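Today I open my notebook on charges and rings. Come and look along with me.

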Amino acid sequence: MNTLEIIKQKASFLNNLSNNEDALFEYINNNHENLDEVIHQYKPERGFKPVNTLRFLIASELKKGNRVTVEIVNSLKQAIENRDVSSYYSLNDAVQQSLANYKDSKKGMFPNWRDAFKVLFPFIHSISDNKEVKTLLDQLVNQIVETNNLQNIKKHPISFQGSQNYGSDHIWVAIYPKASPNVQSAYQIFFSIDHNGIKGGIHKGHKLEKGIYSYDDEVFNRWEAFLENTKSWVDEWQLLNSRLDFSSLKQSKYYLVGAYWKDTSPKDQTDRFVREGVWVNGYEEDKSLSVVNKVNIGDHIAIRSVDKRGNNMYIKARGIVTSNLRDGRHLEVEWEKEFEVFKLNFSGGYWDTIRKLIKESHINAVWSNNKNMENVKQEFIDWYIANPRSSYFNNQPEKIDDYLTKSLEFFSKDIFLVSRATYKEMVEFIEDTINNNKAKFLKNHGAPDSGKLAAIVGKRNYQKFLLGYFEKKEENASKKEVGMEYKRAINQIFYGPPGTGKTYSTILEAAKIIEQEEVIYYDESQKIFNEHLGGRIEFITFHQNYSYEDFIQGLRPDIEQKELSFNRADGVFTKMVTNALFEYYKVYQQNQKETLDDTEVKIDLNDAYIEFLGSLKEGQEFETKTGSKIKVDNFTDRQNIEFKPLNGVKSYLVSGNRLLKLYDVFKDIDEIKLVHEDIRGAIGGCNSTIYYVALREFISFLKVYEDTLNEFVDIEEDYDDDNITYRRKKELLSNISLDELRTVSENDVPKYVIIIDEINRANISRVFGELITLIEKDKRSGGDIPLSATLPSGEKFIVPSNLYIIGTMNTADKSIALLDIALRRRFEFVPMYPKVEIIIDGNNIVNDAEILQKLNNEIVSKKGHDFTIGHSYFMGKEYVLKNTVDNKVIPLLLEYFMNDFGEVEKILKKAGLTVEGWPMKLVRND
């Protein structure tokens with residue numbers, strides 16, 4: 001059987017299963033060749049991913065001998081949605097926690113996985129099947145290249161796995177010029193193979209906007225006939241591509257650069273650069289040399305200065321690169337004329353001499369004329385599905401997205417790139433383009449089914465969406481007119497007597513910090529508080545027995561063991577610190593990935609190192625460069641590895657941090673020529689023989705790790721930092737330095753809040769221990785003098801700058817004067833004393849305000865302000881004076897005045913309240 005027939009047979013097999021659900025389930029129930037492979041590939045061991053877990057559970061059911069049906073798959077999906085799969089499989093603690101923490105979505109966990117064929121594809125098409133098809137495709141492409149003597153080309157083969165790893169019943173290949181930046185930006189020699197055979201011709205890349213190229217694929221039954229026919233396409237294909245300016249088609253990149261030369265006068269070289277039409281790297285030997293060499297003609301460049309203390313950045317000049325001398329230092333630039341300097345309220349990650357920008361929001365902020373452009377395509381799709389106007393594509397989001405992406409390439413502008421300043425212009429553009437001249441639109445639009453586009457985007461749909469979307473933006477923006485950010489003390493205590501609204505205020509304050517908004521109504525703040533409680537907000541209450549072990553770290557009995565044993569457990573504050581600090585880690589890793597070229601695999605090296613640790617086993621043997629043997633002896637709590645010579649006694653530690661620094665210098669083990677000199681020159685004093693082995697094995701592991709990522713990444717299941725376990729966060733943080741985290745601006749990370757109710761009731765020294773100093777603003781991660789401490793576990797501990805502490809204290813329990821001095825000087829104190837007037841809608845919502853005022857005047861004269869009666873007791877829809885006096889005021893006064901009935905009676909009488917009997921009850925108010 002020839003190559004074409006083999007692929008065609010596989011396509012027929014997959015086509016039958018993709019179109020016949022009964023046949024699909026019959027096949028997986030009767031054919032288990034891939035079962036062990038699926039179980040191994042998708043077994044949830046570290047973190048939770050919906051589709052991976054679903055595939056594993058299906059495989060587990062088949063392994064048990066159970067039949068799997070559509071109903072069973074739906075039941076498994078529902079169990080995952082309910083976050084309880086215990087009736088099917090017992091997840092380990094890490095995965096169960098990851099599942100419990102997985103973000104909620106109105107669309108559920110499987111919005112793009114309703115098709116059983118997508119979910120079950122790994123059961124019917126194995127890794128070896130995929131490699132075989134790729135090899136066959138490569139053979140066919142090589143025949144086309146050799147037959148037509150094609151040179152300087154690129155090949156873009158897509159196997160049955162599909163371009164988005166969903167699985168497919170056909171394959172396709174595109175051949176295009178090497179000079180093109182990508183397959184979509186050129187004319188292609190194209191062919192596809194499905195169950196009907198092979199068809200192909202010249203195809204126009206989706207990103208070629210000018211002109212409409214019509215083509216009709218020819219159908220062939222024999223590969224030889226198709227191959228012969230390609231000879232008649234080549235001349236036209238080459239002519240079409242010769243008319244394209246691929247250098248202009250290359251997607252421009254955006255760079256921020258510095259202009260500060262510390263050893264020159266003036267130090268700021270911006271004026272000289274603009275005047276001479278250049279930019280020059282002031283450093284002759286550093287990592288920025290290679291970045292400068294990657295800058296291409298046509299790339300955008302902007303000079304920035306950074307106010308690190310204020311977390312602001314100033315854009316001082318913008319231009320386009322016209323020449324690169326490729327010496328790592330000199331660029332020629334056409335700078336914008338009459339440019340006006342402007343300020344942006346972010347700076348994190350852009351302190352390097354030169355840094356490439358990837359984040360669309362940052363690019364828009366620097367280069368857009370209105371600085372606030374955003375792409376609203378996904379928001380529109382969500383709106384359209386929620387407000388369906390047609391049934392095209394069964395309102396499946398991924399299909400609508402794909403259709404819009406392809407169809408809207410024919411527009412003269414990106415209709416989904418809008419801002420508060422331009423959206424009304426876009427409304428008019430859509431009106432003129434689609435609604436008012438539909439016949440012309442349908443005639444000239446390049447999409448073959450423009451009627452669908454008019455039905456989805458037209459009929460005023462997109463306009464309605466834009467108007468509603470930006471009206472809400474305007475409303476939210478009006479709330480923020482007081483300031484761009486909500487600035488509050490990082491440590492504060494609300495203090496006052498009972499009933500003055502301290503707890504009420506903490507909820508409101510926490511919501512303001514989380515949302516960074518000055519104006520939030522209380523009803524909204526409650527929703528925000530409840531939404532984030534247990535996540536970015538934690539609420540605890542101190543008491544006399546609260547301890548360091550509860551708050552920071554301590555031992556807890558393991559109740560699942562038959563014998564008495566203890567586990568070390570982090571307290572609530574340590575967990576909040578870890579989660580808040582991990583936000584910096586996420587931004588740092590994203591910034592690191594953004595500095596890579598598009599062709600580089602964006603691997604999180606810290607994550608890869610943790611996986612590398614998991615791949616090693618105690619006792620595993622390795623050979624050194626000189627031929628002697630060493631073995632893995634132990635793994636430390638801080639994610640380090642101990643090696644020991646096979647017949648030796650002493651162990652040698654390999655630090656994860658230092659190993660990653662070594663890898664940063666030597667990414668290829670063959671680059672190390674002199675083991676001792678090269679390794680010690682890179683990371684300082686160490687056992688270079690041991691580090692050489694560790695680096696060699698890590699590099700070897702990375703190659704497999706990278707291949708696995710490329711082979712099995714699901715488009716819908718990219719690594720999600722928001723849903724990894726707490727343990728995993730600690731592992732990743734243990735291998736990153738504070739200096740690296742400090743490159744991230746506090747403005748770029750979300751805020752966290754821990755509320756400590758009754759903070760004065762615990763022994764502060766006992767609860768905080770040696771860490772009390774670390775909560776000070778300047779001692780935190782982003783402070784001027786960041787400090788860290790070592791926990792009893794040996795772990796480093798530092799308090800992040802995005803974690804706010806709010807305490808409450810009842811002054812009737814303890815005066816501020818008696819408060820622990822260590823606490824007093826590290827917090828700002830916000831007084832909260834009784835109010836007799838709170839006006840809402842023109843009405844005072846404090847009832848019987850005169851009585852409250854007289855009561856408190858008398859209490860202040862006898863005992864002081866700290867023992868007054870709070871106004872909250874005199875508020876509420878169900879307020880009744882007698883109930884308040886009998887059940888709240890009298891008990892408080894008796895406590896304050898040591899059960900001196902006569903004194904309490906006098907105080908009440910001054911307020912016009914007469915009491916009698918025991919227990920004392922209000923009988924009259926005058």
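I looked up arginine 696 and found it partly exposed, because its relative accessibility is 22%. For this label, buried means under 20% relative accessible area, exposed over 50%, and partly exposed in between (1.4 Å probe, protein chains only). Glutamate 697 also counts as partly exposed, at 22% relative accessibility. The side chains of arginine 696 and glutamate 697 meet in a salt bridge, at 3.1 Å from N to O. I noted the rule: a side-chain nitrogen of Lys or Arg lies within 4 Å of a carboxyl oxygen of Asp or Glu. The count by this rule is 25 salt bridges.

A note on what I am reading: this is a predicted model, where local features need pLDDT of at least 70, side-chain atom pairs count only at pLDDT 80 or more, and totals for chains, interfaces and linings use all residues. Residues are numbered from 1 along each chain as its sequence is written, and side-chain values use heavy atoms, with hydrogens and water left out.

Next I turned to helix α34 (residues 881–896), which holds both lysine 882 and aspartate 886, four residues apart, about one turn of the helix. Helices here are DSSP runs (H or I, at least four residues), strands are runs of E (at least two), and both are numbered from the N terminus. Lysine 882 and aspartate 886 form a salt bridge, with their closest N and O atoms 2.9 Å apart. Is aspartate 886 buried or exposed? I found that aspartate 886 counts as buried, at 9% relative accessibility, while lysine 882 is partly exposed at 37%.

I then checked helix α33 (residues 849–862), where lysine 854 and glutamate 850 also sit four residues apart. Their side chains meet in a salt bridge at 3.2 Å, N to O. Glutamate 850 is exposed, with a relative accessible area of 56%, and lysine 854 is partly exposed at 35%. I also found a salt-bridge network linking Glu776, Asp778, Lys779 and Arg826.

Last, the rings. I read that the structure holds 36 aromatic pairs. Rings of Phe, Tyr and Trp (its six-membered ring) pair if their centres lie within 6.5 Å; planes under 30 degrees apart are stacked, over 60 edge-to-face, and the rest tilted. Phenylalanine 551 and phenylalanine 573 are stacked, because their ring centres are 4.8 Å apart and their planes at 10 degrees. Phenylalanine 551 is in helix α23 (residues 548–551) and phenylalanine 573 in helix α24 (residues 572–594), so the pair ties together parts 22 residues apart in sequence. Phenylalanine 551 and phenylalanine 573 are both buried.
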